[in-house]
Amino acid sequence: MAFDASGIAAQREAEYYDLFTDWRRDADFFTAIAKEHGGPILELGCGTGRITLQIAQTGIDIDGLDLAVERLRLAEMANRELPAEIRARFHHADMRSFTLDRTFRMAMFPYRVLQELTTTTDKIACLEQVRAHLHQGGLVLIDNYSPSIPHLATAPSRCTTTTEKLGPAGETIRYTQHVIARDYSNQTQQLQVVYDISYPDGSAEHLVIPYTTSYMFRFELEHLLARCGFTVMQVWGGFDFEPFDDDSPGELIVLARRDDQPI
């Protein structure tokens, strides 16, 4: 798996995850799709539950699955604040090899989750597990990073981004993402997230989290889905349901249906 944090680094990453993903503005998109098609829904890579719990609050039956213990801990805490009859169910599991005791109308991969799997073998294993957990004619919704050729051609040293925000305890958090290297032959990027945290009492933390992501182009993703027994129904280029084209804002969102013919 791509994400590699433990101990205090994993705890801080989970605590600040929603703070540094608020720019996404994707939760309403996934909630709209959930309302259109109904549950039960399985969310892969649910993290802190920022999308899972918004969908749960509409009354739709939803499960979330993730491998990051600290993120799931926060999801469960927030889940307990909901009325019992609309709470989500969360599972600590690997999306390549999970087994649940129910099937679903839809599986969702928000925020480029499938790209955290860095080999075709792992992606196929995941999609085969997902397919096995879907109803006949069930749906899969994947938010994929649409690779930018100019960005991939830019030297990693020029691809650093930094954001600074105020944390819940008044601490200043400087979040920096570095591209360390690219492996063009395997279509992966080695990245590093750095948290520099300054607390009001003068103490500080410096945390470094390495991770690796893969990238896929549109027809690679479509072919992967076909290989795993899905038929593509719709392709969007953003969270306003805009068509996918050269002007899409970095998102490649695919909705596919489980093909019930033998693979």
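The structure is a predicted model, in which local features require pLDDT of at least 70 and side-chain atom pairs count only at pLDDT 80 or more, whereas totals for chains, interfaces and linings use all residues. Residues are numbered from 1 along each chain as its sequence is written, and side-chain values use heavy atoms, with hydrogens and water left out. Helices (H or I, at least four residues) and strands (E, at least two) are DSSP runs, numbered from the N terminus. Contact means heavy atoms within 4.5 Å, and buried denotes under 20% relative accessible area, exposed over 50%, and partly exposed the range in between (1.4 Å probe, protein chains only).

Helix α4 spans residues 69-79, and its buried residues are Arg71, Leu72, Ala75 and Asn79. These residues cover an arc of only 95° around the axis, which puts them on the same side of α4; the arc is that of the directions from the helix axis to the C-beta atoms. Arg73 is partly exposed at 35% relative accessibility, and Glu70 is partly exposed at 21%.

The structure holds 15 salt bridges. One of these joins Glu15 to Arg12, with the closest N and O atoms 3.3 Å apart. Glu15 and Arg12 are three residues apart in helix α1 and are therefore separated by about one helical turn. Glu15 counts as partly exposed at 35% relative accessibility, whereas Arg12 is buried, with a relative accessible area of 13%. A further salt bridge links Asp63 with Arg89, the closest N and O atoms being 3.3 Å apart. Asp63 lies in strand β2 and Arg89 in strand β3, so this pair ties together parts that are 26 residues apart in sequence. Asp63 is buried at 0% relative accessibility, while Arg89 is partly exposed at 36%. Both residues belong to a network of salt bridges that links Asp61, Asp63, Arg89, Asp101 and Arg102.

Aromatic contacts were examined next. A pair of aromatic rings is described by the distance of the centres and the angle of the planes. Rings of Phe, Tyr and Trp (its six-membered ring) pair if their centres lie within 6.5 Å; planes under 30 degrees apart count as stacked, over 60 as edge-to-face and the rest as tilted. By this rule the count comes to 11 aromatic pairs. In one of them, the ring centres of Tyr16 and Tyr195 are 6.1 Å apart and the planes stand at 35°, so the pair is tilted. Tyr16 lies in helix α1 and Tyr195 in strand β8 (residues 188-198), so the pair ties together parts that are 179 residues apart in sequence. Both Tyr16 and Tyr195 are buried. The rings of Trp236 and Phe241 have their centres 5.4 Å apart and their planes at 90°, so this pair is edge-to-face. Trp236 counts as buried at 10% relative accessibility, whereas Phe241 is partly exposed, with a relative accessible area of 35%. Trp236 and Phe241 form one aromatic cluster together with Phe29, Phe30 and Phe239. An aromatic ring also faces a charge at Phe20, where the charged end of Lys165 sits over the ring, 5.6 Å from its centre; the criterion is NZ of Lys or CZ of Arg within 6 Å of the ring centre and within 35 degrees of the ring normal.

Strand β11 (residues 251-258) has seven of its eight residues buried, so it is largely enclosed by the rest of the structure. Two strands pair if DSSP finds at least two bridges between them. Strand β5 (residues 134-145) pairs with β11 in the antiparallel sense over seven bridges, and Val254 of β11 is the bridge partner of Ile142. Strand β10 (residues 230-236) and β11 are likewise antiparallel, over six bridges, with Val232 opposite Ala256 of β11.

Strand β9 (residues 204-214) contains Thr213, which is buried with a relative accessible area of 16%. Apart from residues up to four places away in sequence, Thr213 touches Gln115, Thr118, Gln187, Thr188, Gln189 and Leu191.

Conventions:
Salt bridge = Lys/Arg side-chain N within 4 Å of Asp/Glu carboxyl O.
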